[in-house]
Amino acid sequence: MKVTGNSKSQQVDVSVKSVNELKLIIENAGDGISCDHADWADAKLSPCLSDNEKTNLMDFNWISATTGWKTIQKSKNIDNNQITLDGKVYATGIGTHANSEIVYNLNGQFSGFECVAGLDDETSEFGSVIFKVYDDDKLLFQNDKLMTKKIHNSDNSRNIITI
Ligand SMILES: [Ca+2]
């Protein structure tokens with residue numbers, strides 16, 4: 001699916017049955033990492049037994065995590081503000097920045113992974129990233145180029161230059 005221009009964030013909903021390593025990857029889409037503030041919002045793991053509660057990804061520790069700028073945040077965006085996608089604030093999720101790779105060891109104990117993937121609204125210039133979700137080395141999800149809306153604001157004080 002190709003996503004360009006003023007594209008919205010995307011719902012990710014993939015099966016992770018028998019997945020050992022879940023990898024959440026954000027690439028810079030080939031044009032550098034400037035403004036690439038990216039969120040995995042409202043991220044949850046579904047249990048193998050459907051009557052059990054979903055696990056918030058924030059309650060599950062990664063085994064490794066990298067980001068191209070600053071430090072990866074839990075339930076905040078990369079600039080330590082509220083995670084906001086398309087005007088909606090999310091209480092939980094991961095705030096990171098291209099290029100980023102976050103790896104979880106699931107040990108096959110979950111059946112599904114879901115979240116909303118998008119560029120955070122705090123990005124004042126056009127950012128562009130590609131979100132990928134891998135099961136070990138198998139690609140489960142990928143969007144094409146994803147770009148933020150430019151924030152129209154007469155007050156330039158909100159402009160954030162990341163790189
Ligand atoms: Ca980019």
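View 1. Ile26 has Phe131 of β12 as its bridge partner. This is a predicted model: local features need pLDDT of at least 70, side-chain atom pairs count only at pLDDT 80 or more, and totals for chains, interfaces and linings use all residues. Residues are numbered from 1 along each chain as its sequence is written. Strands are DSSP runs (E, at least two residues), numbered from the N terminus. β2 and β12 run antiparallel and share six bridges. Strands count as paired if DSSP finds at least two bridges between them. β2 also pairs with β10, again antiparallel and through six bridges. Here Lys23 has Val103 of β10 as its bridge partner. Six of the seven residues of β2 are buried, so the strand is largely enclosed by the rest of the structure. Buried means 20 or more other C-beta atoms within 10 Å of the residue's own; exposed means 12 or fewer; partly exposed lies in between, with C-beta atoms placed from the backbone.

**View 2. Val133 and its surroundings.** Val133 sits in β12, residues 128-135. Val133 is buried because 21 other C-beta atoms lie within 10 Å. Leu22 is 111 residues away in sequence, yet the two C-alpha atoms are 7.2 Å apart. Beyond neighbours within four places in sequence, Val133 is in contact with Val12, Val14, Leu24, Phe113, Leu140 and Phe141. Contact means C-beta atoms, placed from the backbone, within 7 Å.

**View 3. The largest nonpolar core.** This core has 31 residues. Trp40, Ala41, Cys115 and Val129 have the most contacts inside it. Two or more residues each come from β2, β3, β7 (83-85), β10, β11 (110-119) and β12. β11 gives the largest share, six residues. A nonpolar core is a set of buried Ala, Val, Leu, Ile, Met, Phe, Trp, Tyr and Cys residues joined through C-beta atoms within 7 Å.

**View 4. Two non-glycine residues with positive phi.** Ala29 has a phi near 70°. Ala29 lies in the loop between β2 (21-27) and β3 (37-47). Asp42 has a phi of about 50°, but Asp42 is found within strand β3. Ala29 is partly exposed, with 19 other C-beta atoms within 10 Å. Asp42 also counts as partly exposed, with 19 C-beta neighbours inside 10 Å.

**View 5. A cis peptide bond.** The bond between Ala98 and Asn99 is cis, with omega about -10°. Asn99 is in the loop between β9 (93-97) and β10 (100-105).

Note on methods. Helices (H or I, at least four residues) and strands (E, at least two) are DSSP runs, numbered from the N terminus. Two residues are in contact if their C-beta atoms, placed from the backbone, lie within 7 Å.
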